[in-house]
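I opened the model and started a notebook page.

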Amino acid sequence: MILRRVSVFAWLVVSMAAAASSALAQQGQGAVPAAAADPAQDRMRALQESLAFLEQRLQKDIDNLMWFRQLEDVAEIDKVRYTGPPPRVISNPTGQGAGNPVIITALTFLPKRSAGAKLPLVVLIHGGVHGDFDTSSAHIVHELVQQGYAVIAPDYRGSTGYGRDYWRLIDYGGLEVEDVFAGKQWMLENHANIDPERVGIMGWSHGGLITLMNIFEHPKDFKVAYAGVPVSDLIARMGYKSQGYRDLFSAPYHIGKTADENVNEYRKRSPAWNAEKLQTPLLIHTNTNDEDVNVLEVEHLIGALKAAGKSFEYKIYQSAPGGHAFNRLDTKLAKESRAEVYRFLAKYLNPANPTP
């Protein structure tokens, strides 16, 4: 009944947002010059933005409920909050609370049926620019928990579902890396049954980038890592993506400059330009028909790791069905690919019920 009421409210919000969008479009068809200030249009845009963020919050609440329903048979689930570093960009540095640490929300999963021995931990990182950890990953968490892993999945700064201010804290390849690392530290500090010597980290796409940057910045803190279709070179990425995508990075509340205006900042946030730092056992997967992270990015990363003389494992799938999501689906190939990932992790983390 609660879920049904939340769903109806979410539908009303979507309808209101659509109406606001339609009204705004009609306003734009008038004869008002583009340069002229129109208070009605400004109010309509503000309403549309507010409704969009409210819709995201409602969807997040629904998704949180679904996490508990889908995994309650195998996992003890908790929603926790901890702190990451202060924001990189502070609009009012002298304001009340300016410079306070950012509060991060995460979901944690502990196996219900553990034999009392210490548990290995997997830090699982969601992807997407302004994405969030949603139930599209439920099957992966289920597989990890059944093998005997504890899991933490942080919604690092910039994630969707926490309102406009949190959304605008995004720091792609920057402080979000430390948000995730702080989640790993929180798990070790608050769960005595987790083995600090058996911690792995994994993610796909943007989550793959954060995985790589974590093991580059904290090489002694992770036993093993998996990066699936990882964003690897932001400079190259800015070249083949749309202007709208580039605007997400050069926004004043984010990096604030384009790649050509500050190429070193984009290099600093790119795994391919930090390959010499690798010390952690690493498996990389990519796919030649990836429609999001072009294979050329990951090939640059692989080439840079080889040039630096690093030992790692990788596999380039040839036009695997599913493109960017090829091994996160429910296909036979996807399951076989994930089994390969789990066997790699198990060599270093020794879970109670490893994938055969």
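My entries on cavities and pockets follow.

I note that this is a predicted model: local features need pLDDT of at least 70, side-chain atom pairs count only at pLDDT 80 or more, and totals for chains, interfaces and linings use all residues. Residues are numbered from 1 along each chain as its sequence is written, and side-chain values use heavy atoms, without hydrogens and water.

**Cavity.** I searched the whole structure and found 1 cavity of 30 Å³ or more. (On a 1 Å grid over the protein atoms alone, a 1.4 Å probe fits at a cavity's points but cannot get out; lining residues have an atom within 4 Å of a point.) The largest cavity holds about 30 Å³; a volume is the space filled by probe spheres set on the points, joined across faces, edges and corners. Its lining includes Lys-60, Thr-105, Asp-155 and Tyr-162. β2 gives the most, with 3 residues. (Strands are DSSP runs of E, at least two residues, numbered from the N terminus.)

**Largest pocket.** I read a volume of about 620 Å³ here. (A pocket is an open set with protein on both sides within 12 Å along at least five of seven lines.) Of its 26 lining residues, Pro-87, Val-89, Asp-165, Tyr-166 and Leu-169 are the closest to the centre.

**Second largest pocket.** I read about 400 Å³ for this one. It has 24 lining residues. Nearest its centre lie His-126, Gly-127, Gly-128, Trp-204 and Arg-328.

Definitions and conventions:
Helix = DSSP H or I, 4+ residues; strand = E, 2+ residues; numbered from the N terminus.
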